[in-house]
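Q: Please take me through the model shown below, feature by feature, with the general idea before each case.

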Amino acid sequence: MMRPSSALTAALTATAASVLTVTGAAATPAAGTSARPSVCQEQSLSVSASSGGQRNTARIAVTNRGGITCVVDRVPTVTFRGLDGSAEAVPPATSGPYVLSPGERGYAAVRTATPGATEGHVVRSLSVAADPSHHGVTFGAATVGMGRGIQVWEPVTTLWHTSRAAADRALADATR
């Protein structure tokens, strides 16, 4: 039986791990490099939120204000004041890297409750973290266009996308 050399095995393992774990925009490492970017430092990111244009919907964005390419989790962490848990990813997804080059933005859309929902809780704010290792930024209900409070019942969030329109489409497709 022929066995590959340990150097060949290590190289194949590193290549396979790189291919399996790198996702998102600009996710391909530069030619000749095998190092993946590190997690973005929270202070090098700008996180924003605004009205989603539809009832119980918000738009969120993250911008890499730093000088190096880095990664955030491909699933934004969206939590609601006073409630346990966070918005579920649609489509269902696990953690993974989303690469942001300097100046690049990622966009996601959040639905806090179905438009006709009468169930749930009303909270005053939601928090968004671009990566689970970050504390996140808190936004009041008025900031996200829900001045009377944020109705929360089975909230969902998209993964990060390269445009606001792509995030809106992903939310619409996932919540039909």
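A: Contact means that heavy atoms lie within 4.5 Å of each other. This is a predicted model, in which local features need pLDDT of at least 70 and side-chain atom pairs count only at pLDDT 80 or more, while totals for chains, interfaces and linings use all residues. Residues are numbered from 1 along each chain as its sequence is written, and side-chain values use heavy atoms, with hydrogens and water left out.

Q: With which residues is valine 72 in contact, leaving aside its neighbours within four places in sequence?
A: Valine 72 is in contact with Cys40, Leu45, Gly96, Pro97, Tyr98, Leu100, Ala130, Asp131 and Trp160, once neighbours within four places in sequence are set aside.

Q: Is valine 72 buried or exposed?
A: A residue is buried under 20% relative accessible area, exposed over 50% and partly exposed in between (1.4 Å probe, protein chains only). Valine 72 is buried, at a relative accessible area of 1%. Across the protein chain, buried residues make up 40% of the 176 residues.

Q: How many helices and strands does the protein chain have?
A: Helices (H or I, at least four residues) and strands (E, at least two) are DSSP runs, numbered from the N terminus. The protein chain has two helices and 12 strands. Read from the N terminus, the order of its elements is α-β-β-β-β-β-β-β-β-β-β-β-β-α. Valine 72, for example, is found in strand E3, residues 70-73.

Q: What share of the contacts with a separation of 6 or more joins residues 24 or more positions apart?
A: Such pairs account for 74% of those contacts in the protein chain. Arginine 81 and serine 125 provide an instance, for arginine 81 is in contact with Val123, Arg124 and Ser125, its neighbours within four places left aside. Arginine 81 lies in the loop between strand E4 (77-80) and E5 and is exposed, with a relative accessible area of 56%. Its C-alpha atom is separated by 9.7 Å from that of glycine 140, 59 residues away along the chain.

Q: Where is serine 125 found, and what does this residue touch?
A: Serine 125 is found in strand E9, residues 125-129. It is buried, at 9% relative accessible area. Not counting residues up to four places away in sequence, serine 125 touches Phe80, Arg81, Thr138, Phe139, Gly140, Ala141 and Ile150.

Q: Which backbone angles deserve attention?
A: One is omega: the peptide bond from valine 90 to proline 91 is cis, with omega near -5 degrees. Proline 91 has its place in the loop between strand E5 (88-89) and strand E6 (97-100). Another is phi, which is positive at about 65 degrees in asparagine 56, although this residue is not a glycine. Asparagine 56 lies in the loop between strand E1 (45-51) and strand E2 (57-64) and is buried, with a relative accessible area of 7%. Glutamate 154 also has a positive phi, near 55 degrees, but it counts as exposed at 56% relative accessibility. Its loop runs between strand E11 (150-152) and strand E12 (156-157).

Q: Which residues of H2 are buried?
A: They are Ala166, Ala167, Ala170 and Leu171. They cover an arc of only 135 degrees around the axis, which puts them on the same side of H2; the arc is that of the directions from the helix axis to the C-beta atoms. The cover over these buried residues includes E2, strand E7 (105-111) and E12.

Q: Where is threonine 158 found?
A: Threonine 158 is in the loop between E12 and H2 and counts as buried at 0% relative accessibility. Leaving aside neighbours within four places in sequence, threonine 158 is in contact with Pro76, Val90, Ala108, Ala109, Ala167, Ala170 and Leu171.

Q: Which residues line the largest pocket?
A: On a 1 Å grid over the protein atoms alone, a pocket is an open set of points with protein on both sides within 12 Å along at least five of seven lines, and lining residues have an atom within 4 Å of a point. Here the lining consists of Gly52, Gly53, Gln54, Arg55, Thr57, Arg59, Arg111, Pro115, Asp168, Leu171, Ala172 and Thr175. Two or more of these residues come from each of E2 and helix H2 (164-174). The largest share, three residues, comes from H2.

Notes:
1 Å grid on protein atoms, 1.4 Å probe; cavity = no way out; pocket = protein on both sides within 12 Å on 5 of 7 lines; lining within 4 Å.
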